[in-house]
Every structure is written in C-alpha cells, then in structure tokens.
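This briefing goes through a single protein chain, topic by topic, for a reader who has the coordinates at hand. Please keep the structure open while reading, so that each residue can be located as it comes up.

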Amino acid sequence: MTVLVEVWKRYAGQIEADLLRQGIDIGDWHTGRMSSRRLMVLLKYPLEDDWFSRDFVRGGRQSR
C-alpha cells in the first residue's frame, strides 16, 4: 500500500487521466468504492497507449 501511495503522489495527474480514458474515476479509490488492490492491478497492467504504461511500467520504452 505504501508503494501505491508514493506512486500516486508522484504521478497523480497522469494516472487520473489514463484511468478517465478507461471510464474509471480515481475518486472511487479515494472514497473507498475501489479497493487498493484493484487500483494496483489497473496500474500494473495498463492499456498499451496509456502514459503511465509507457513512462513508469516500461521505463519510458515504447512497446512493440
């Protein structure tokens, strides 16, 4: 959970924008309607074209 909070602090805007494009409201996590586990899964396995996927999960490398 600590890692999730640190990642959120650093990439809040990018994560929120990526989730919004998927129709997911980050406010659900803040209010307890989305579990931290679900948010971690969404961040670990993002859509290929999401900013967070490119720049955090794959270290800035583009996928093939």
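At Tyr 11, helix 1, which covers residues 2-21, bends by about 90 degrees. The model is a predicted one, and the protein chain in it contains four helices and zero strands, giving the pattern α-α-α-α when read along the sequence.

**Chain as a whole**

- The protein chain has 64 residues, of which 33% count as buried.
- When contacts between residues at least 6 apart in sequence are considered, 40% of them join residues at least 24 apart.

**Helix 1**

- The buried residues of helix 1 are Leu 4, Val 7, Trp 8, Tyr 11, Ile 15, Asp 18 and Leu 19, and Tyr 11 is also the residue at which the helix bends by about 90 degrees.
- Helix 1 is followed by Gly 23, for which phi takes a positive value near 80 degrees.

**Salt bridges within helix 1**

- A search of the whole structure gives three salt bridges, and one of them pairs Lys 9 with Glu 6, with 3.5 Å between the closest N and O atoms.
- Both Lys 9 and Glu 6 belong to helix 1, where they are three residues apart, or about one turn of the helix.
- An α-helix has 3.6 residues a turn, so residues three or four places apart point the same way.
- In terms of accessibility, Lys 9 is exposed, at a relative accessible area of 60%, while Glu 6 is partly exposed, at 43%.
- Arg 21 forms a salt bridge with Asp 18, and here the closest N and O atoms are 2.8 Å apart.
- Arg 21 and Asp 18 are also three residues apart in helix 1, and hence about one helical turn separates them.
- The two partners fall into separate accessibility classes, because Asp 18 has a relative accessible area of 4% and is buried, whereas Arg 21 counts as exposed at 53% relative accessibility.

**Salt bridge between Asp 28 and Arg 33**

- The side chains of Asp 28 and Arg 33 meet in a salt bridge, with an N to O distance of 2.9 Å.
- Asp 28 counts as partly exposed, with 22% relative accessibility, a value to be read against the cut-off of under 20% that applies to buried residues.
- Arg 33, with 62% relative accessibility, counts as exposed.

**Helix 3**

- Helix 3 comprises residues 36-44, and within this helix Ser 36, Leu 39, Leu 42 and Leu 43 are buried.
- The face of helix 3 turned away from the buried side carries Arg 37 and Lys 44, both of which are exposed.
- For Arg 37, the relative accessible area is 61%, so this residue is classed as exposed.

**Arg 37 and Leu 4**

- Arg 37, found in helix 3, and Leu 4, one of the buried residues of helix 1, are 33 residues apart along the chain, and their C-alpha atoms are separated by 9.4 Å.

Key. Residues numbered from 1 in each chain as written. Predicted model: local features only at pLDDT ≥ 70, side-chain atom pairs only at ≥ 80, totals over all residues. Heavy atoms only, no water. Bend = angle between axes of the 7 residues up to and from the residue. Helix = DSSP H or I, 4+ residues; strand = E, 2+ residues; numbered from the N terminus. Buried < 20%, exposed > 50% of the residue type's maximum accessible area, 1.4 Å probe, protein only. Contact = heavy atoms within 4.5 Å. Salt bridge = Lys/Arg side-chain N within 4 Å of Asp/Glu carboxyl O.
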